[in-house]
Amino acid sequence: MNLNDLLPDGGIDALAAQLGIPRDQAQRGAEALLPSVLGGMGNNAAQLDTRVNSLGGADLASNVLGNEPTAIDRGNQILGGIFGSKDGSREVANHAAQGSGLTPELLKQMLPILVMLVAGHLTGRPSGQQGGLGGILGSVLGSLGSAGAAGTAPGGGLGGGLGGILGSVFGERR
């Protein structure tokens, strides 16, 4: 599984365009944030499925990729369900800044857009399994290794197995 499996086609380019940054910075930021985003999503899969569907499901990714303005507030609502508070999101951005070389401020701006891309893409992904987004997340996390999201820190941080697995998938940049 690689970055292209977790984001829709054109996701990195859309992220770069939304933030007015070069594509390589958008990719580095996504790679640095995804372990925490996926871990947080996995830790909150039951509630997340309902929240993502109420906010647009697969249309979340389409909103970022399309020509209309991105409804960042929907991404922030998902982040609230994943990390619990703005402090949790700040902690994730600060941690990701250490390994990516990007500023925490840029990564904080990137988080809601990235979560919309991931949640929308995974929700809209054809799947032969039951269980909605939680089932898809289980499959994604399972394909990355048996560590699952249980190894993540309470705030969705990079503690434990998932961060290491995703780091090896993306080629850790520390």
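Predicted model: local features only at pLDDT ≥ 70, side-chain atom pairs only at ≥ 80, totals over all residues.
The chain is helical in its listed elements, with 10 helices and zero strands, and 49% of its 174 residues count as buried.

**Overall layout**
- Reading from the N terminus, the elements go α-α-α-α-α-α-α-α-α-α.
- Take the contacts between residues at least 6 apart in sequence: 71% of them join residues at least 24 apart.

- In soluble globular proteins, nonpolar side chains tend to be buried together.
- Here, the largest nonpolar core has 43 residues, and Leu-15, Ile-78 and Leu-114 are the ones with the most contacts inside it.
- Two or more residues of this core come from each of helix 2 (11-19), helix 3 (23-43), helix 4 (45-55), helix 5 (59-65), helix 6 (72-83), helix 7 (86-100) and helix 8 (104-124).

**Around Ile-78**
- Set aside the neighbours within four places in sequence, and Ile-78 is in contact with Leu-48, Arg-51, Val-52, Leu-55, Leu-60, Val-115 and Ala-119.

**The spot at Gly-56**
- Gly-56 sits in the loop between helix 4 and helix 5.
- Its relative accessible area is 26%, so Gly-56 counts as partly exposed, given that buried means under 20% and exposed over 50%.
- Gly-56 and Ala-119 are 63 residues apart in sequence, with a C-alpha to C-alpha distance of 9.8 Å.
- Ala-119 also turns up among the residues in contact with Ile-78.

Note on methods. Residues numbered from 1 in each chain as written. Heavy atoms only, no water. Core = buried A, V, L, I, M, F, W, Y, C linked by side-chain atoms within 4.5 Å. Buried < 20%, exposed > 50% of the residue type's maximum accessible area, 1.4 Å probe, protein only. Helix = DSSP H or I, 4+ residues; strand = E, 2+ residues; numbered from the N terminus. Contact = heavy atoms within 4.5 Å.
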